[in-house]
Amino acid sequence: MNTTITQNKLRAILAYAFRIAALLCANGSLMQTFLSITGFSEQHIYIHASLFQAVNVLTILLCARFADKGNILRRTALVQIPGGLLFLFYIPLCILQEVSTEAYLWLLLVSLLQSVTFALHTICEYKVPYYIYNPEEYGMVLSVCGILSSVVSFGAGALISFLSTQYSYSRIMLIAFGISCVFLLISGVLQYFQKSLLPSEDEPVQTEKSEKIPLTAMFHHDAFSRLFVGNLTRGVANGTTTILAAAALSIGYDETLTSAMVSVQSLATLAACALFAVISRRVHPRYMILLGSCCFLVLPVLLCQNRPVLYLAMYAILLFGRTLVDYAVPAS
């Protein structure tokens, strides 16, 4: 049993790192910089990022039972295949490098389909840890996942920032999209070979016979009403952080800064994960949620123009706080 848990944790950490590295090219600073350089307007970039998040949230809400059917570990793995392959459908945008209605509609179609796959994975992701290792190890494993993925993301961001001085951004992203596809598929393979600690996971007949809880019952549950406002505002805040690269471009910064945001985000995440790993067993998560929420007070400072160092510093504080909240909420 101990060997199985150890192997599960190792696979979970590696899968998380590969997945986070892949998602750098999905809907963040790199994608927004790529769209800007390609020639899409700031309005187009904002709409793309907003729709991506909206579809993600809507899918999670409407498909809340997705993780309750069949083998949860296999389902979590297989849903990553279409998400990974969809990265390849961005490549025509790198080759054509044209701004047209058709190109934008293609971008939205691919992105929104990918957002659906990411949302389905998120639904499973919160349930998987209970199958592969002991619940009390959740905080430490998640911290290690965050630290490793931050190191990988920092390296990827630094590499892309350097390459952007040598090659065109479209050429860099063409290769990056291909690598992202491979990374997400590797994450899926690692997830596929996870071994459940629960006997019922190998007995799908029993799972199907389990009682289904109506969505209306979930909406009327006390826990739902208590957590609704907090999670709603948390979602709005997280959504705001996803468009900060576009915001930076709109107030006069260039792709040098937005590319650097990837590395800054990685360092901020690394710091938050390290802090969470050290104090998660000593301090109740609610205090880390409070600390992380307070970090969002620096958000208005990001409106300052012509101060790239200040912008990156405030961005780091913001992402540090967001990471603390994201890690502390499931553990609370």
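Guide: Here we talk through a few labels, one at a time. This is a predicted model, where local features need pLDDT of at least 70, side-chain atom pairs count only at pLDDT 80 or more, and totals for chains, interfaces and linings use all residues. Residues are numbered from 1 along each chain as its sequence is written, and side-chain values use heavy atoms, with hydrogens and water left out.

Visitor: Why is Phe193 called exposed?

Guide: Exposed means over 50% relative accessible area, buried under 20%, and partly exposed in between (1.4 Å probe, protein chains only). Phe193 has 51% relative accessibility, so it counts as exposed. Phe193 lies in the loop between helix 10 and helix 11 (204-209); helices here are DSSP runs of H or I with at least four residues, numbered from the N terminus.

Visitor: What makes Phe87 and Tyr90 a tilted pair?

Guide: Rings of Phe, Tyr and Trp (its six-membered ring) pair if their centres lie within 6.5 Å; planes under 30 degrees apart count as stacked, over 60 as edge-to-face and the rest as tilted. By this rule the count comes to nine aromatic pairs. For Phe87 and Tyr90, the centres are 6.3 Å apart and the planes make 55 degrees, giving a tilted pair.

Visitor: How do you know that the charged end of Arg74 sits over the ring of Tyr192?

Guide: The rule asks for NZ of Lys or CZ of Arg within 6 Å of the ring centre and within 35 degrees of the ring normal. Arg74 is placed over the Tyr192 ring, 4.7 Å from its centre. Arg75 lies over the face of Phe66, also at 4.7 Å from the ring centre.

Methods:
Helices (H or I, at least four residues) and strands (E, at least two) are DSSP runs, numbered from the N terminus.
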